[in-house]
Amino acid sequence: MAIVGCGATGSALASLLARAGVGTLRLIDRDYVEASNLQRQTLFDESDAAESLPKAIAAARRISAFNSQIVVEPHAADLTPATIDSLLRDATLILDGTDNFETRYLLNDFAVKNSLPWIYTAAVGSYAVSLNVLPGTTACLACLFPESPRGNLETCETAGILNSAVNLAASISATEAIKLLVGATAQMRRTLLSFDVWRNEHAEVAAGKPRPQCRTCGLHEFPHLAGAGRPHITLCGRNSVQIHERLRPVDLGQMSERLKAHGTVRHNDFVLKFWREPYEMTLFPDGRAIIKGTTDTAVARSLYARYVGN
Ligand SMILES: [Zn+2]
């Protein structure tokens with residue numbers, strides 16, 4: 001089983017399923033732990049934030065501390081059209097722990113194309129949302145939302161996240177995952193379920209049948225798999241931009257030596273942190289960087305070019 005995204009919902013899903021004794025868990029996440037995450041990301045603690053550990057690595061460490069029998073495969077990586085085949089190869093179930101529709105449409109394309117079940121999970125504000133996608137049987141994400149929801153959509157930036165909504169969404173989806181694992185697919189919910197824990201409002205939208213004219217599961221068009229993916233993205237609520245020009249491995253030790261002359265630098269096996277006022281750059285061994293202190297992709301890109309290279 002693979003969990004894509006190890007933030008709030010992803011780490012709650014991983015925690016529940018690991019404690020339930022799921023044999024193998026593949027954890028994929030592109031981000032690192034920060035103190036501001038700890039309010040809702042239940043697998044991490046202050047020492048993970050102090051070390052800026054990649055979330056996938058920190059989650060794997062925590063899981064092995066409470067269930068050493070489980071095989072956990074952490075991947076500190078960005079799921080993109082270029083990496084999805086290798087990151088999700090031989091997954092039997094994909095759980096969405098992401099915070100964005102771009103990655104969810106990519107997952108939906110991949111899952112429908114390969115007839116793999118996946119479970120959409122979201123939490124924003126006081127809302128918890130869950131949807132089972134069983135390709136060929138139920139509706140897919142694109143049946144329900146042909147276009148990415150737009151307009152005055154709340155995000156974690158504008159609405160914050162109530163941690164109890166996160167745990168509710170993860171509990172519902174983890175239960176559906178366990179049903180699938182034990183072969184109880186007939187018991188799996190066939191609706192898009194949303195629950196507002198603050199207002200005590202609950203809604204369900206029928207999702208039991210594919211929409212015949214659906215571009216994804218009806219016509220088998222997979223534009224998100226073919227897309228290049230956005231190389232530079234802003235990270236929700238973080239005043240940060242991710243730079244991912246292309247796959248270019250970086251030796252963190254050598255880079256650390258090089259950057260010493262330009263600011264404060266620190267590294268471990270998993271990340272390098274470089275501070276140069278007013279920016280903070282976190283560099284991963286695969287060449288990705290998260291630049292904090294700006295949401296302007298041009299500024300982030302030029303900092304990356306100056307200090308890491310073109
Ligand atoms: Zn569909």
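**Helix pair.** I started with helices H1 (residues 8-20) and H8 (residues 163-181), which pack at about 45° with their axes 9 Å apart. Helices here are DSSP runs of H or I, at least four residues, and strands are E runs of at least two, numbered from the N terminus. The axes are lines fitted to C-alpha atoms over the stretch in contact, with angles from 0 to 180 degrees between N-to-C directions. That angle makes H1 oblique to H8, oblique being what is left after under 35 degrees (roughly parallel), over 145 (roughly antiparallel) and 65 to 115 (roughly perpendicular). I then listed contacts (heavy atoms within 4.5 Å): the H1 side includes Leu13, Leu16 and Leu17, and the H8 side includes Val166, Ala170 and Ile178.

**Ground rules.** I note that this is a predicted model, where local features need pLDDT of at least 70, side-chain atom pairs count only at pLDDT 80 or more, and totals for chains, interfaces and linings use all residues. Residues are numbered from 1 along each chain as its sequence is written, and side-chain values use heavy atoms, with hydrogens and water left out.

**Zinc site.** Next I looked up the zinc ion and found the SG atoms of Cys140, Cys143, Cys214 and Cys217 coordinating the metal at 2.2 to 2.4 Å. Donors are N, O and S atoms within 2.8 Å of the metal (3.2 Å for Na, K and Ca). Along the chain, their spacing reads C-x2-C-x70-C-x2-C. Cys140 sits in the loop between strand S6 (127-133) and helix H6 (141-144), and Cys214 in the loop between strand S8 (201-206) and helix H9 (223-226), so the pair ties together parts 74 residues apart in sequence.
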